[in-house]
Protein chains: 2
Amino acid sequence: MEMPSKTRLMDGWKVVAVIYLSTTRKEQPNLIHGRYIGCSGYLPVNYTERTAESDSWTLHRSVSLGVNSDSVAVTEDEEECGGGIGPLSFLRQINGSDSNISTQTAANENSENKRISLSNEESQSQSLPEPSGPRQIYIMRHGERVDFTFGKWIPYCFDEHGLYIRKDLNMPRRVPQRAGGPEGFFKDSPLTNVGELQARLTGEALREAGVVIHQAYVSPSLRCIQTCHNVLTGCGLADKIAMQVEPCLFEWLAWYPSSLPDWLTADELRAAGYNIDAAYRPIMQLDQLTATGCQESVQQFYVRSHFMMQKVIANTQAKGGNILMVGHAATLDVCSRQLTGHEPRSSQDMTTLIKKIPYCSMAMLEQQQQQANWRLRQLPIPPVTHSNNQRFDWEVLLT
Amino acid sequence: MEMPSKTRLMDGWKVVAVIYLSTTRKEQPNLIHGRYIGCSGYLPVNYTERTAESDSWTLHRSVSLGVNSDSVAVTEDEEECGGGIGPLSFLRQINGSDSNISTQTAANENSENKRISLSNEESQSQSLPEPSGPRQIYIMRHGERVDFTFGKWIPYCFDEHGLYIRKDLNMPRRVPQRAGGPEGFFKDSPLTNVGELQARLTGEALREAGVVIHQAYVSPSLRCIQTCHNVLTGCGLADKIAMQVEPCLFEWLAWYPSSLPDWLTADELRAAGYNIDAAYRPIMQLDQLTATGCQESVQQFYVRSHFMMQKVIANTQAKGGNILMVGHAATLDVCSRQLTGHEPRSSQDMTTLIKKIPYCSMAMLEQQQQQANWRLRQLPIPPVTHSNNQRFDWEVLLT
């Protein structure tokens, strides 16, 4: 049993009892005193639970009195989840016919867009170094989200004309215009400025480690597109690699029971300055994904993701090169699990795992000599970690 | 009484009981559901306690079983605190003789330094807009620190030759060379990259709000100098305003019982690229501060800080203009408290208050028509807030 080593006074609220029981002490570093556990070869632990002089401690999960402690943890995204989960029509399509479900994403492609956004093959052949060594796939979660950081931001950050008003310096200076108005951001949050920094630092580190990316696939979520853009910017490749928006990279549909997000179109994204590949033919059409609602079991989520990975690898095998894929927390697992010879996880195991995948987490797959075999490898770059900080109200000085 | 609304499973540790008792419900917003409290005119609440899919909850202070809940909260800096606190010799000097305690900080000033770093009066007269309107003083805490974010980073981030090795992408790419070697960073932490971003965003916002800074005073702590540099960079003034390093802006000496930090010299700071005013004559000499150890009561801390503010205001009154002061959490209070007509706080009240002052918090004083009167005013810029994130270990995917 371990107790918090410091006592704190609580304005208005009191924590009467906090008791920690160690059941597997060996696996738990002494986070307060920073005992070395050497789990990654980088820093032994990080101190993000030590929130300096701000007003908080971080509690690594809590279990309410009287509640079964084996309950599956609930994530933010799971607030979107509900209803029954059944077989997906697109999964039947996948299983029945692989070759006919790719079509053009960008309906309104025109010559101007072509100038702005060369297809990936064109831009790649012009300037990227030739692929060498075993192929690598970098799978990444997006960076810090505005909605998780600021809660119900939309009613406070848009005026009656739908004009965006930045209310915190960590909010983006501008947000893309979307046809459906600001409410569209409710299910499709932008990144914070810290989120963009995390992604840019990741890209800079890849470049410094000598990693060259040849292709970039990205979930249609704005936060993923912004993350991918910032990684490529950090890599010095934002103008050379046009992002391939792939609906099949979107997260578990069960978390969107009422309806999927109304994603920004390729034209809206290009208008906001993102280099979107207008010639890319996605593995799964947007309407195939949206038509299914949340009727997706976790097993089907793994199968969908694995199907996509097999298609991506096959489609790029001839040219070779390294791939960046930017999606969601679960993406790191659902896109690597079966390629490395494992079975899909249960929903409980998957939701437990994704809580260990913070913003801008990355995993790397490397192709083995037997071409069908891939394995997860140590990343060539360090992680990116930052600590908590709360909002300041200057009027506390008047008290 | 309120219970956490979500249950979570804990790897190896279990929180058996977490009970929140509301004693002053009115002051406590419903943070989980984001109820409007309208305390600052910006966003109603922030959600930094909602740590998305990462593995943590934020607990707003905890009180161990069996411990008096009236205990004063302990901050990180207070770990440095101890021993008796008595009258300060410099305080007697202050009270006895104001005019003779200023001397030259930079002993090795030479013509090259003069070229790099004009004295503030020179640079100011060359390019800054003339002061207009009532004088304003912006008082600020530094940004996110490496040590509070990463714990015992020094043994892991310097090799046997004292060479810095960056182990997380949120650590600085480089750290300044210091004569005393890396151990000097133990009491004098640099900023993280997020910390630099917070400060730069603050500066950009000041510029966008039309605020012109004419003078910058900064605590000798590296984190403060880096914060001030980034604010001025955001303002577009980093090359126009040379920072005036003022030992009197350093924090409560009681938190440094064994010895004060061995700060970087002006030459070391200039070598690291910081625009330090070599001609500045500090209000308190470095050795006057260091000679006192931690023999400073909280009352004396307020008196020292107020004395400095009076001197700064008097010294700059003829030219006028706005002042940026970058210090520590308590700086916002100790440098404004008596100017606004209030008595110094007790140590308990001060330590309770500073927990409400996160990284890059800012307060603004404005001079009233009666020149001796100042008041705290609403800032012209929003706060800067970001959320928690933990380190990712890719090997969790292998489980």
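Mentor: Start with helix α7 of chain A, residues 222-235. At 1.5 Å a residue, its 14 residues should span 20 Å, and the end C-alpha atoms are 20 Å apart, so the two agree. Keep in mind that this is a predicted model.

Trainee: How many of the 14 residues of α7(A) are buried?

Mentor: Twelve, so the helix is largely enclosed by the rest of the structure. Among the buried ones are Leu222(A), Ile225(A), Val231(A) and Leu232(A). Arg223(A), Gln226(A) and Asn230(A) are buried too. So are the cysteines Cys224(A), Cys228(A) and Cys235(A).

Trainee: What covers them?

Mentor: The cover includes strands β3 (136-141), β4 (215-218), β5 (244-245) and β6 (323-327) of chain A. Helices α6 (193-208) and α8 (266-271) of chain A are also part of it.

Trainee: And which strands does α7(A) lie across?

Mentor: β3, β4, β5 and β6 of chain A. The helix runs at about 145 degrees to β6(A).

Trainee: What follows α7(A)?

Mentor: Gly236(A), with a positive phi near 75 degrees.

Trainee: Now the sheet in chain A. What's the strand order?

Mentor: β5-β4-β6-β3-β7-β8, six strands in an open sheet with mixed pairing. β5 and β8 (374-377) of chain A are the edges. Each has a single partner strand, so one side of each has no neighbour in the sheet.

Trainee: How do β3(A) and β6(A) pair, parallel or antiparallel?

Mentor: Parallel, over five bridges. Arg141(A) has Gly327(A) as its bridge partner in β6(A).

Trainee: Switching to chain B. What's the order there?

Mentor: β5-β4-β6-β3-β7-β8, an open sheet of six strands with mixed pairing. β5 (244-245) and β8 of chain B stand at the edges, and with a single partner strand each, one side of each is left without a neighbour in the sheet.

Trainee: How many bridges join β7(B) to β8(B)?

Mentor: Four, and the two strands run antiparallel. Met364(B) is bridged to Arg377(B) in β8(B).

Trainee: Which residues of β8(B) are on the covered face?

Mentor: Trp374(B) and Leu376(B). Arg375(B) and Arg377(B) make up the uncovered face. That puts the bridge partner of Met364(B), Arg377(B), on the uncovered face.

Trainee: And in which sense do β4(B) and β6(B) pair?

Mentor: Parallel, over four bridges. Ala216(B) finds its bridge partner in β6(B) at Leu324(B).

Trainee: Which helix lies across β6(B)?

Mentor: α10 of chain B, residues 298-316, is one that does.

Trainee: What does its side chain make a polar contact with?

Mentor: The side chain of Asp267(B), at 2.9 Å. A polar atom of the Arg270(B) side chain also lies 3.5 Å from the backbone oxygen of Ile276(B).

Trainee: On to cysteines. How many disulfides over all chains?

Mentor: Zero, from a search of the whole structure. Take Cys335(A): the closest cysteine sulfur is in Cys248(A), 7.9 Å away. The cut-off for a disulfide is 2.5 Å between sulfurs, so that distance is too far for a bond. Cys235(B) is in no disulfide either, with the sulfur of Cys228(B) nearest at 9.1 Å.

Trainee: Are those two cysteines, Cys335(A) and Cys235(B), buried or exposed?

Mentor: Cys335(A) counts as buried, at 3% relative accessibility. Cys235(B) is buried as well, with a relative accessible area of 7%.

Trainee: Last one. What is phi at Cys360(A)?

Mentor: Near 60 degrees, a positive value in a residue other than glycine. Cys360(A) lies in the loop between α12 (347-354) and β7 (362-367) of chain A. It is buried, at 5% relative accessible area.

Trainee: And at Cys360(B), what is phi?

Mentor: Near 60 degrees, also positive. Cys360(B) lies in the loop between α12 (347-354) and β7 of chain B. Cys360(B) is buried, with a relative accessible area of 6%.

Methods
Residues are numbered from 1 along each chain as its sequence is written. Chains are lettered from A and ligands numbered from 1 in the order in which they are written. This is a predicted model: local features need pLDDT of at least 70, side-chain atom pairs count only at pLDDT 80 or more; totals for chains, interfaces and linings use all residues. Side-chain values use heavy atoms; hydrogens and water are left out. The expected span of a helix is 1.5 Å times one less than its number of residues. Buried means under 20% relative accessible area, exposed over 50%, partly exposed in between (1.4 Å probe, protein chains only). Contact means heavy atoms within 4.5 Å. Two strands pair if DSSP finds at least two bridges between them. A polar contact is a pair of N or O atoms within 3.5 Å; within protein, one must be able to donate a hydrogen and the other to accept it, and residues adjacent in sequence count only if both atoms are side-chain atoms. Axes are lines fitted to C-alpha atoms, for helices over the stretch in contact, and angles run from 0 to 180 degrees between N-to-C directions.
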